[in-house]
Amino acid sequence: MNHDKTPHLAAFSKAFNSNDVASTETLMTAEFVRIFYEGADSLDDCILRGATAACAAVVDRSEQLKVLIHFTESQQYRYGNRTFTTYLAQGEFHTTGPFDVRAVDVYTFQGSKLASKDTYWKNITS
C-alpha cells in the first residue's frame with residue numbers, strides 16, 4: 001500500500017461507531033458493504049450496504065449490550081489494498097450473555113475510500 005490508512009480507519013471508526021452517517025459516507029465508496037461476524041442463516045442477511053445501514057447496525061448492537069465492549073490487544077497489518085486489524089473483544093449481551101472473542105476486521109480500500117469492512121469473531125470462552 002502506498003499510503004498509511006491508519007488515520008482514515010481512525011476517522012471511519014469514530015464516525016461509524018458514533019452513528020455519524022454523513023461523516024461515515026465521506027470515508028467510503030458508494031458500494032460500501034459491511035459483513036457481520038454473525039447473522040441469519042442466509043449470508044445475504046449478514047451483509048449491509050451503505051453508510052445508513054452500517055451505522056444503524058452499530059446502534060442496534062449497542063442497544064443489545066448489557067456490558068459495553070472492551071477492546072484490547074489491537075494490532076494492524078497492511079497488505080495491498082487491505083488492512084487487517086486483530087483484537088480481543090469482551091462484553092455481554094442481554095439475551096446471549098457474556099462473550100470473549102478474538103476478532104479480525106478486514107478493511108478493503110478502493111483508492112482512498114473504504115469499500116468494505118468484513119469482521120470475523122472466534123469465541124475464546126463460552
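# Pairs, bridges and buried rings

Guide: Welcome! Let's start with E73 and R102, which form a salt bridge whose closest N and O atoms are 3.6 Å apart. The two partners link distant parts of the chain, as E73 is in strand 3 and R102 in strand 5, 29 residues apart. This is a predicted model, in which local features need pLDDT of at least 70 and side-chain atom pairs count only at pLDDT 80 or more, while totals for chains, interfaces and linings use all residues. Residues are numbered from 1 along each chain as its sequence is written, and side-chain values use heavy atoms, leaving out hydrogens and water.

Visitor: Why is the pair of E73 and R102 called a salt bridge?

Guide: The term asks for a side-chain nitrogen of Lys or Arg within 4 Å of a carboxyl oxygen of Asp or Glu. E73 and R102 have their closest N and O atoms 3.6 Å apart, so the pair qualifies.

Visitor: How many salt bridges does the structure hold?

Guide: The structure holds three. One of them joins E92 and K66, with the closest N and O atoms 3.8 Å apart.

Visitor: Why can we say that the pair of E92 and K66 ties together separate parts?

Guide: E92 belongs to strand 4 (residues 82-93) and K66 to strand 3 (residues 65-79), so the pair connects parts that are 26 residues apart in sequence. K66 counts as exposed, because its relative accessibility is 54%.

Visitor: What is the distance between the closest N and O atoms of K117 and D105?

Guide: K117 and D105 form a salt bridge, and those atoms are 3.8 Å apart. K117 lies in strand 6 (residues 113-125) and D105 in strand 5, so this pair ties together parts twelve residues apart in sequence.

Visitor: How do you know whether K117 and D105 are buried or exposed?

Guide: K117 has a relative accessibility of 9%, so K117 counts as buried. D105 has a relative accessible area of 5%, so D105 is buried.

Visitor: Let's turn to the rings. Why is the pair of F12 and F32 called tilted?

Guide: The structure holds five aromatic pairs, and F12 with F32 is one of them, at 5.9 Å centre to centre and 50° between the planes. Rings of Phe, Tyr and Trp (its six-membered ring) pair if their centres lie within 6.5 Å; planes under 30 degrees apart are stacked, those over 60 edge-to-face, and the rest tilted. F12 lies in helix 1 (residues 6-17) and F32 in strand 1 (residues 28-35), so the pair ties together parts that are 20 residues apart in sequence.

Visitor: And what makes the pair of F12 and Y107 edge-to-face?

Guide: Their ring centres are 6.4 Å apart and their planes stand at 80°, so the pair is edge-to-face. F12 in helix 1 and Y107 in strand 5 (residues 97-110) are 95 residues apart, so to speak distant parts of the chain that this pair links. F12, F32 and Y107 form one aromatic cluster.

Visitor: Why is F12 called buried, and why Y107?

Guide: F12 has 0% relative accessibility, so F12 counts as buried. Y107 is buried because its relative accessible area is 5%.

Visitor: How much of the protein is buried?

Guide: Buried residues make up 39% of the 126 residues. The protein has three helices and six strands, in the order α-α-β-β-α-β-β-β-β along the sequence.

Key: Helices (H or I, at least four residues) and strands (E, at least two) are DSSP runs, numbered from the N terminus. Buried means under 20% relative accessible area, exposed over 50%, partly exposed in between (1.4 Å probe, protein chains only).
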